Amino acid sequence: MLNLERLRTLDALARHGSVSGAADGLHVTTSAVSQQMAKLEREVGQRLLAKNGRGVRLTDAGRLLADHAARILSQVELAQSDIEAQRGEVVGEVRICAFPTAARGLFPAMLTSLRADHPDLTVRTRELEPEQGLRAVFRGDVDIAVVLDWSNKRLPVPGGLTKAELLDDAPDIAMPAGHPLADRDEVDLEDFADDPWVSWPEGEFCYDWLMFTLRSRGIEPRIAHLAGEHHTQLALIAAGFGVCVAPRLGRGPVPDGVRLVPVRQTMRRHVHAVWRTDADRRPSVRAAVAALCAAGEGVATDGG
């Protein structure tokens, strides 16, 4: 009889490509992964892993069993969804991730609503950037991811995932209060062709969007500073070190010395909830998505 947890470990190894990656995904130690794999090899009587430089790779038998493990685990998830749906109760645990401003702007209202309406549901949240969140949902590491894309740069959603719109977020341009354009009612991106920019870190979806958008308008951006947190970006703007795109969702207090001006061209961040289609029948997932939608409506009602 194959042990389900060991199959889950093998599946994580196949998906992450390394022992350390599997350990991170399963929230266990690397030694625990190695021990589970050693036991699984003894159960099947074949080598499942082979050394590959400093790491490991799956053998032919390992890849074959990993394919079966993925299907078995998918069926287990379907069975759990059907049992939960048949019971009709919002119980158990639901795991949700979001990019930082969505976590700040949506999670408090969502958690408050779920605690009041479904006290027997345990909700676990974490911050992940959009592309990481999509991968986490696809792998089964989380149940729901709150992700974003832009009106001119969409985030591809893999097959097997379902998406719900939460809200549209209209960002502004943040600039020092003494900037020549600080008194404008609206600005164009082209107005900042010669300004230094404070941006998200390289490799993040929003950094790629900023580069793409500015270059599509004939601007070769001068990126002066990189910061993942919007509060850090705004602090740099207040000190006079450039301009940045400042989304409204989860913005919080704006430092003294910063002026926010809407962009004349339509720039919209589209915020979505994404979950595995085969988990759609779970009452806990449906309840969490509904609470996220309500939180998004509340943000939109309040003007972002």
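**Entry 1: H1 against H2.** I began with how H1 passes H2, and the crossing is right-handed. I noted the rule for the hand: right-handed if the near helix is turned clockwise from the far one by less than a right angle, left-handed if anticlockwise. Helices here are DSSP runs of H or I with at least four residues, strands are E runs of at least two, and both are numbered from the N terminus. H1 and H2 pack at about 120°, with their axes 8 Å apart. That angle makes H1 oblique to H2. For the angle classes I used under 35 degrees for roughly parallel, over 145 for roughly antiparallel, 65 to 115 for roughly perpendicular, and oblique for the rest. The axes are lines fitted to C-alpha atoms, for helices over the stretch in contact, and angles run from 0 to 180 degrees between N-to-C directions.

Next I listed who touches whom, with contact meaning heavy atoms within 4.5 Å. From H1, I found Arg8, Thr9, Ala12, Leu13 and His16 meeting Val19, Gly21, Ala22, Gly25 and Leu26 of H2. Sorted by class, this contact has five nonpolar, four polar and one charged residues. My classes: Ala, Val, Leu, Ile, Met, Phe, Trp, Tyr, Cys and Pro are nonpolar, Asp, Glu, Lys and Arg are charged, and the others, Gly among them, are polar.

**A note on the source.** The model is predicted, so I kept local features to pLDDT of at least 70 and side-chain atom pairs to pLDDT 80 or more, while totals for chains, interfaces and linings use all residues. Residues are numbered from 1 along each chain as its sequence is written, and side-chain values use heavy atoms, with hydrogens and water left out.

**Entry 2: H1 against H3.** Then I turned to H1 (residues 4-16) and H3 (residues 30-44), whose axes come within 9 Å and cross at roughly 115°. This makes H1 roughly perpendicular to H3. H1 passes H3 in a left-handed crossing. On the H1 side I wrote down Glu5, Arg6, Leu7, Thr9, Leu10 and Leu13, and on the H3 side Val33, Gln36, Met37, Lys39, Leu40 and Glu43. The class tally is six nonpolar, two polar and four charged residues.

**Entry 3: H2 against H3.** I checked H2 (residues 19-26) too: its axis and that of H3 come within 8 Å and cross at roughly 105°. So H2 is roughly perpendicular to H3. Val19, Ser20, Ala22 and Ala23 of H2 make this contact with Thr30, Val33 and Ser34 of H3. I counted four nonpolar, three polar and no charged residues there.

**Entry 4: the annotation.** Which residues does the "domain: HTH lysR-type" annotation cover? The unreviewed UniProt entry gives residues 2-59. UniProt positions follow the numbering used here, feature names are shortened, and annotations may be inferred rather than shown by experiment. Over residues 2-59 I read 62% helix and 14% strand, with the end C-alpha atoms 18 Å apart.

**Entry 5: Glu190.** I found Glu190 in the loop between strand E7 (172-176) and strand E8 (196-199). Glu190 counts as partly exposed because its relative accessibility is 36%. Leaving aside neighbours within four places in sequence, Glu190 is in contact with Arg217, Ile219 and Gln265.

**Entry 6: the whole chain.** Lastly, I noted nine helices and 12 strands in the chain.

Notes: Buried < 20%, exposed > 50% of the residue type's maximum accessible area, 1.4 Å probe, protein only.
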